[in-house]
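Student: Before we look at the details, I would like to understand how the labels used for a structure follow from their definitions. Could you take me through them one at a time?

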Amino acid sequence: MFALTGLPEFNRNLSRFHLAALFGVCKVINQTVDQVYDHARSNHPGKVAKAGKTRYSNITGKLTKSIRKKYASLNQLAGWHGYIEGVVYTDRVNPRGHPYPLWVEAGTGPHKIRPRNKKVLRWKDMSGRGWVFSKYVDHPGSRAYPFMLTAMLAYRNQHFRRMKMVLGP
């Protein structure tokens, strides 16, 4: 017969290592969240348009203001269910509740624009002196300006390198 001694101490040390690794993972996730957030806010299409590189413009600044971040937290560790996440997202919708940033990110296909409150649409003509009226407009669609995906991909490899340092090979 043999006795196994030191098992409770081993379990305590293992749980401390586990907790330290999870804290390290949280720290890495939050560093990446900060980098992706800063990149998305400073390199989205409206900012680039000011440099004359795209057709898209960010006149109101609402797209920039809608980019948000949510850190990986210690509360996630307390109720740990196998994942820890940090999120960079946008919460902007247009007045009709449509996800406007998604249209900027993914682009739109050709579609008709119809008046919502009046019988016809109207806009200034090319000279700026007269008005043009129409029951609908055939919009050709718009190309995608993937600012969130670009931000995420810019820091993906760096994120995995840091995560490898925290968790080991």
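Student: What makes up the accessible surface of the protein?

Tutor: The accessible surface comes to about 12,500 Å², and 58% of that area belongs to carbon and sulfur atoms; such areas come from the Shrake-Rupley method with a 1.4 Å probe, and for residues only the protein chains shown count as cover. This is a predicted model, in which local features need pLDDT of at least 70 and side-chain atom pairs count only at pLDDT 80 or more, whereas totals for chains, interfaces and linings use all residues. Residues are numbered from 1 along each chain as its sequence is written, and side-chain values use heavy atoms, with hydrogens and water left out.

Student: Why is N30 called buried?

Tutor: Buried means under 20% relative accessible area, exposed means over 50%, and partly exposed lies in between (1.4 Å probe, protein chains only). N30 has a relative accessible area of 17%, and is therefore buried. N30 lies in helix α1, residues 7-43, where a helix is a DSSP run of H or I with at least four residues, a strand is a run of E with at least two, and both are numbered from the N terminus. Leaving aside neighbours within four places in sequence, N30 is in contact with Y71 and A72, contact meaning heavy atoms within 4.5 Å.

Student: And why is K65 called exposed?

Tutor: K65 has a relative accessible area of 54%, so K65 counts as exposed. This residue of helix α3 (residues 62-66) still has contacts beyond its neighbours within four places in sequence, namely with R41 and T60.

Student: What makes V120, W131 and F133 a nonpolar patch?

Tutor: Nonpolar side chains (Val, Leu, Ile, Met, Phe, Trp, Tyr) are joined within 5 Å, and like charges within 9 Å. V120, W131 and F133 form such a patch on the surface, with about 300 Å² of accessible area together. F133, in strand β5 (residues 131-134), has a relative accessible area of 53%, and is therefore also called exposed.

Student: How do you know how much of the protein is buried, and how many helices and strands there are?

Tutor: Of the 169 residues, 26% count as buried, while the secondary structure comes to six helices and six strands.

Technical notes. Patches are made of residues with over 30% relative accessible area and no salt bridge: like charges are joined within 9 Å, nonpolar side chains (Val, Leu, Ile, Met, Phe, Trp, Tyr) within 5 Å. A salt bridge is a side-chain nitrogen of Lys or Arg within 4 Å of a carboxyl oxygen of Asp or Glu.
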